[in-house]
Every structure is written in C-alpha cells, then in structure tokens.
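Hi,

Here is the structure I promised to pass on. My notes follow below it.

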Amino acid sequence: MAQKVITIYTDDLTGEESSEAATHTLSLDGVTYEIDLGPDSYDQLLEAVGPFIKVGRKTGKARKVSKAASGGGDTAAIRAWAKANGYEVNDRGRVPAPVREAYEKANK
C-alpha cells in the first residue's frame with residue numbers, strides 16, 4: 001500500500017495556508033510562546049512589539065529549542081497514529097504534548 005503525506009503550513013494569526021510560515025518564539029512575564037506566522041503576519045508582530053523592544057533591555061539570547069525537543073516531528077504521521085490509537089486530535093494546529101509523548105513512546 002502506498003501512502004502520501006502532505007504537510008500544510010498554516011499562519012496561526014490568519015488561518016491561511018502559507019509555504020513560508022515559520023515558527024517564532026516569544027516570551028513575556030516568564031511565559032514562552034510559539035506561534036507559526038507567514039511573512040506578513042511576522043511583519044505585523046514586529047511592528048506591534050518593535051517600540052517596546054527598542055527601549056527594552058536585552059537579558060541574553062534565548063536558548064533555541066531544537067525541533068526534536070520542541071516536538072517538531074512529522075505532525076501528519078503523529079495525527080494519523082493518534083487517530084488510529086483512539087486519541088482525539090484536530091486536523092490542524094498544534095498536536096497536544098501528551099499525544100506527542102505517547103507517539104514517541106510507541107515509536108522508539
């Protein structure tokens with residue numbers, strides 16, 4: 001049996017598909033956030049926070065999380081495995097950490 005996996009990148013702000021969407025990390029009040037944005041949405045983010053960054057103090061460069069550590073992986077494969085194993089997952093957006101962990105344990 002042949003299987004074709006298609007990965008669709010979606011801008012979290014607009015919900016639009018974008019082959020140029022990338023994951024960006026930001027932190028505020030000790031909470032770190034990740035957001036997937038296309039170039040236009042990223043420009044909007046920079047425009048909105050730019051004045052604050054310009055006058056803020058740098059405290060060091062944030063540690064870059066590797067794709068494996070951040071749970072990058074093949075989300076299509078994880079979703080397919082999760083659905084086949086009774087987990088409820090959305091067709092788009094982030095795959096919940098407990099589902100990723102179960103997938104990783106089952107596929108070591």
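This is a predicted model: local features need pLDDT of at least 70, side-chain atom pairs count only at pLDDT 80 or more; totals for chains, interfaces and linings use all residues.

**Helix H1**

Helix H1 covers residues 39-55, 17 residues in all.

**The core, H3 and H4**

The largest nonpolar core has 7 residues: Ile78, Trp81, Ala82, Val89, Val95, Val99 and Ala102. Two elements give two or more residues to this core, helix H3 (75-84) and helix H4 (97-106). H3 supplies the largest share, 3 residues.

How do the axes of H3 and H4 cross? They come within 10 Å and cross at roughly 85°. Angles of 65 to 115 degrees count as roughly perpendicular, so H3 is roughly perpendicular to H4.

On the H3 side, the residues that meet H4 are Thr75, Ala77, Ile78, Trp81 and Ala82. Their partners in H4 are Val99, Arg100, Ala102, Tyr103 and Ala106. Take Ile78: leaving aside neighbours within four places in sequence, Ile78 is in contact with Val95, Val99, Arg100 and Tyr103.

**Asp36**

Asp36 lies in strand S2 (residues 31-37). Is Asp36 buried or exposed? Its relative accessible area is 17%. Buried means under 20%, so Asp36 is buried.

Thr10 is 26 residues away from Asp36 along the chain, yet their C-alpha atoms are separated by 7.1 Å. Beyond neighbours within four places in sequence, Asp36 is in contact with Thr10, Asp11, Asp12, Leu13, Ala22, Thr23 and Arg94.

Best wishes

Technical notes:
Residues are numbered from 1 along each chain as its sequence is written. Side-chain values use heavy atoms; hydrogens and water are left out. Helices (H or I, at least four residues) and strands (E, at least two) are DSSP runs, numbered from the N terminus. The expected span of a helix is 1.5 Å times one less than its number of residues. A nonpolar core is a set of buried Ala, Val, Leu, Ile, Met, Phe, Trp, Tyr and Cys residues joined through side-chain atoms within 4.5 Å. Buried means under 20% relative accessible area, exposed over 50%, partly exposed in between (1.4 Å probe, protein chains only). Contact means heavy atoms within 4.5 Å. Axes are lines fitted to C-alpha atoms, for helices over the stretch in contact, and angles run from 0 to 180 degrees between N-to-C directions. Angles under 35 degrees count as roughly parallel, over 145 as roughly antiparallel, 65 to 115 as roughly perpendicular and the rest as oblique.
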